[in-house]
Structures are given as structure tokens and as C-alpha cells.
Amino acid sequence: MAYTRQTIDSAAIERQRAICAEIFEKVTADGARPLALVDTYGCQQNEADSEKLRGYLAEMGYGFTQDEFQADVIVVNTCAVREHAEMRVLGNVGALNHSKKARPGQIIAVCGCMVQQEHMAQKIKMSYPIVDLVFGPHELWRFPELLRAVMEKHRRVFAADKNDGAVAEGIPVRRDGTVKAWLSIMYGCNNFCTYCIVPYVRGRERSRRPEDVVAEARALVEAGYKDITLLGQNVNSYGKDLDCGVDFADLIAMINAIPGDFLIRFMTSHPRDATEKLFRTMAACEKCAHHIHLPVQSGSDTILKRMNRHYDRAKYLEEIATARRYMPDIVITTDIIVGFPGETEEDFADTLSLCEEVRFDAMFTFIYSKRVGTPAATMPDPYTREDKQKHFDALTELANRISGEKHREYEGRTLRVLVDGETGKEEYNLSSRTNGGRLVHLRGDKSLIGQFVEVRITASNTWALYGELA
């Protein structure tokens with residue numbers, strides 16, 4: 001598919017930041033600080049996008065709140081991957097009618113993947129008059145311009161036209177927390193799995209220049225971040241649209257060379273592009289976490305072909321074997337869709353047997369959700385919701401059993417973990433993560449947050465490990 005890489009030039013971003021300064025003068029003229037609420041749904045890339053929205057809002061002079069009745073501006077950043085997420089968004093947006101009545105000048109914006117779908121943008125236009133601004137992911141870079149138009153013209157603004165997307169550098173970022181950071185390395189997807197709406201709403205794959213990614217990673221390390229997650233719809237495709245000869249494995253090695261004590265994580269990997277070079281590089285880079293999220297989606301070759309996944313069961317199992325050969329301690333997690341159109345008992349049995357063979361550390365399981373505009377939405381599907389629920393329950397039971405068994409294998413071991421926050425519970429008041437991303441609850445002073453410590457694992461369950469400072 002032909003696609004010409006597009007870049008938003010620095011002058012355009014500077015214009016947006018100049019608009020931020022204009023808005024700042026206007027909204028702070030009375031000496032009071034206005035407040036904004038950014039509500040995020042969906043994946044880590046959406047979280048990273050919301051950090052940019054907050055960055056812009058902070059430059060406009062806004063503080064932040066979680067109370068919609070205090071907010072002067074509300075931005076709802078949406079997800080389109082499953083119908084359930086869209087229904088939640090629409091329900092919560094509708095409920096904002098109460099805060100808008102209480103604050104007639106309140107501006108409500110809905111952005112993100114959901115509104116990049118034409119039928120959803122139309123639904124909001126026709127059925128949710130309280131929404132003042134609608135814009136898709138490709139328009140995020142000009143959020144200040146769009147918000148100013150609403151403020152000055154007192155009319156609704158819609159900016160969600162079809163677009164392949166571009167790369168914009170220099171957008172301000174306001175991150176939550178000081179220990180973990182998201183770092184987007186690329187945007188969009190070229191794979192067109194038949195069930196997935198992402199390529200239609202996120203556009204074509206486009207990578208950031210490696211020097212820009214490394215500069216941002218270096219700044220994060222210098223600011224004290226200890227856990228940096230590289231983000232992309234398919235990070236394994238990084239660099240294919242560039243002319244610099246740097247692929248994803250090379251990028252990991254470049255970030256690994258930054259001085260400091262920190263962890264490199266990444267998501268999400270597509271099995272189509274997972275290479276031996278990637279696994280070899282992960283093993284060789286001491287800062288790279290031994291964890292890969294490698295969505296298999298199904299264990300049936302028939303279903304994988306129908307999904308347009310570009311690999312079969314044998315190739316997937318070969319990749320798992322290669323990863324474990326280089327990193328015997330690697331933690332492997334996955335996504336699986338149950339009830340894809342036409343999935344038979346035999347197809348589902350293939351999925352169960354693959355899970356038994358691989359023994360994933362964790363599985364994120366979903367019942368197939370029809371997405372308007374995708375090829376799978378028109379495929380014949382003779383199986384009932386009850387059939388699919390039965391398969392989902394069986395897969396969940398298997399996932400929980402294997403996860404519990406794997407967690408018990410940690411008991412008695414001493415592990416290096418990064419303490420990343422508080423649990424709000426008295427007995428195990430701190431949360432932390434192992435190199436492989438396993439959640440560990442422990443007791444300790446909150447001054448340990450942001451530090452690597454040694455922990456002896458004393459207990460476990462399906463979802464977490466429990467330990468004490470060694």
C-alpha cells in the first residue's frame with residue numbers, strides 16, 4: 001500500500017505553542033487558575049497521547065482535577081478496539097450533561113480512536129449536543145488551535161477526516177508519576193488483521209527518527225525515570241519507513257547505551273516481525289527487560305489465516321523456542337480472541353493446546369467484538385454468544401491455572417524489583433515489578449518508591465507475588 005511519510009514541521013508546532021500562550025493570557029486574566037480533566041480509555045498509546053494533551057493544557061494555564069464539576073475543560077480520549085469500550089465512553093459522555101448544566105461555560109472534547117470512525121463522529125454530532133469539540137488521533141498535534149476555535153467562535157468543531165497520519169515532534173508532555181514513562185517510537189499499523197479497526201483509525205506505520213527517540217529516552221533517564229516502555233502498534237516494524245538503517249533491535253541497543261540504571265520495556269510485538277536478532281539483542285542488553293508481549297490471537301492455522309495474521313502455529317512456536325533459547329527466564333504474555341467468526345470446537349481446541357504447550361505467564365483474553373468497516377464484520381458467524389462464552393470461560397480457567405502455577409515457582413526466590421507505587425493497603429503497602437513485569441506486593445517505607453531493591457518472594461496467587469525486603 002503506497003504511503004508517503006509525512007512530518008509536521010517544527011514551525012507548525014511552535015504555532016500551536018504560541019496559541020497555548022494566547023489561551024493562557026485569556027483564561028488566567030482574572031488571576032484564577034482554570035482546571036482541566038483528561039479521561040483516558042484504552043491502550044498505553046492512548047495514555048501517551050493523553051500526556052501530550054495534558055502538556056498542551058498545562059501550557060495553556062490549566063491545572064488538573066478528577067472532578068467533572070470543577071473542570072472548565074474536559075477531554076475524553078477514546079478507544080475503538082472493542083464495542084464495550086465505546087459503550088462505556090458514550091455512557092460517561094452522556095453523564096457529563098450534569099456537569100455542563102452546573103457549569104454552562106464548560107467545554108467538552110471527545111478525541112481518540114473512537115471518533116476517527118465516521119459513524120461514531122456522526123453519532124456524537126447528532127446525539128450528544130453537549131460535546132463541543134471532536135478530533136481524531138491525527139489532529140492531536142493541533143489541539144490548541146481546535147480548542148481556541150471553540151472558545152472564540154462559540155461553535156462546535158469537528159476534525160476527524162480520514163488521514164494516514166504524520167509524525168510531530170516537540171509537543172509538550174505532562175507525565176503522571178516519576179518512576180515509569182511511556183515513550184512512543186512509532187504510530188499506526190500496516191497489518192490489517194481482519195478483526196482490527198486500528199489501521200483505519202491510527203493510520204499507516206510511521207516511525208520517529210531514532211535520534212529523536214534516543215534524545216527523549218536520555219531526557220527521561222536524566223529526569224529519574226527508571227522504567228521506560230517503548231510504544232507502537234507493532235514495535236517490531238520500527239524503522240521500515242525510514243532510510244537510516246536502524247531497526248527495532250538497533251533502537252533497543254542505542255537506548256541501552258544511555259548511562260544509568262533503568263529498565264527498557266516495549267509493547268506491542270507482532271509475531272509476523274519478531275526476529276532472532278530481536279531476541280539476541282534483548283539478551284545482550286542488560287537494561288532490556290526479559291519480557292515480551294507476543295499476541296498469538298489463536299492456536300488454529302485456519303483462524304490465523306482468516307484473521308490475516310501472516311504466521312502460522314509452527315512459526316509462532318518457533319519464535320517462542322528462540323526467545324527462550326536466548327533468555328531462559330523470559331516472561332511471555334499474549335492476547336487471545338475467542339469466538340472469531342466461524343471458530344469451531346476443533347479450532348478452539350487448537351488454541352487450548354497451544355496455551356498448554358507455551359504456558360504463557362499471563363493471557364489477556366477477549367470475546368470477538370465486531371468492528372464496523374473491518375473484513376471480519378461481514379464474515380458468516382453461526383455460533384451463539386453462549387457458545388463463545390463457554391470457550392471464554394474455559395480459556396480463562398486455563399490461563400488462571402497456568403499463571404498460578406508459574407507464580408508458585410517464584411516462591412522462595414530472591415528477585416530484583418523496581419518499587420513503583422503504593423497499594424493503599426496496610427499489610428502490603430508497596431507495589432513493584434520484576435524484570436519480567438510480574439507484580440510484587442511488599443511491605444516497606446514509601447521512600448523506596450523509585451528504587452531497585454532485592455525482595456524474597458514468600459507467597460503468590462494467580463495475579464501477583466508477595467514478598468519481603470531481602
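**Terms and their grounds**

Biologist: Why is Arg456 called partly exposed?
Modeller: Buried means under 20% relative accessible area, exposed over 50%, and partly exposed in between (1.4 Å probe, protein chains only). Arg456 has 35% relative accessibility and therefore counts as partly exposed. Glu468, at 32%, also counts as partly exposed. This is a predicted model, in which local features need pLDDT of at least 70 and side-chain atom pairs count only at pLDDT 80 or more, while totals for chains, interfaces and linings use all residues. Residues are numbered from 1 along each chain as its sequence is written, and side-chain values use heavy atoms, with hydrogens and water left out.

Biologist: What makes Arg456 and Glu468 a salt bridge?
Modeller: A salt bridge is a side-chain nitrogen of Lys or Arg within 4 Å of a carboxyl oxygen of Asp or Glu. The closest N and O atoms of Arg456 and Glu468 are 3.0 Å apart, so the pair qualifies. The two residues are twelve apart and link distant parts of the chain, with Arg456 in strand E20 (residues 452-460) and Glu468 in strand E21 (residues 465-469). Strands (E, at least two residues) and helices (H or I, at least four) are DSSP runs, numbered from the N terminus.

Biologist: Why are Arg401 and Glu405 said to be separated by about one helical turn?
Modeller: Arg401 and Glu405 are four residues apart in helix H14 (residues 385-408), which means about one helical turn. Their side chains meet in a salt bridge, at 3.3 Å from N to O. Arg401 is partly exposed at 36%, and Glu405 is partly exposed at 24%.

Biologist: Which partner does Glu139 have in a salt bridge, and are the two residues buried or exposed?
Modeller: Glu139 pairs with Arg142, the closest N and O atoms being 2.5 Å apart. Both Glu139 and Arg142 are buried. The structure holds 34 salt bridges.

Biologist: How do you know whether Thr194 is buried or exposed?
Modeller: Thr194 has 10% relative accessibility, which is under 20%, so Thr194 counts as buried. Thr194 lies in the loop between strand E10 (186-187) and helix H7 (198-202). Contact means heavy atoms within 4.5 Å; residues that Thr194 touches include Arg306, Phe340 and Met379.

Biologist: What makes the radius of gyration of the chain agree with a compact globule?
Modeller: The radius is taken over C-alpha atoms, and the globule rule is 2.2 Å times the number of residues to the power 0.38. For 470 residues a compact globule would have a radius near 23 Å; the chain has 23 Å, and therefore agrees.

Terms used: Lists of a residue's contacts leave out its neighbours within four places in sequence.
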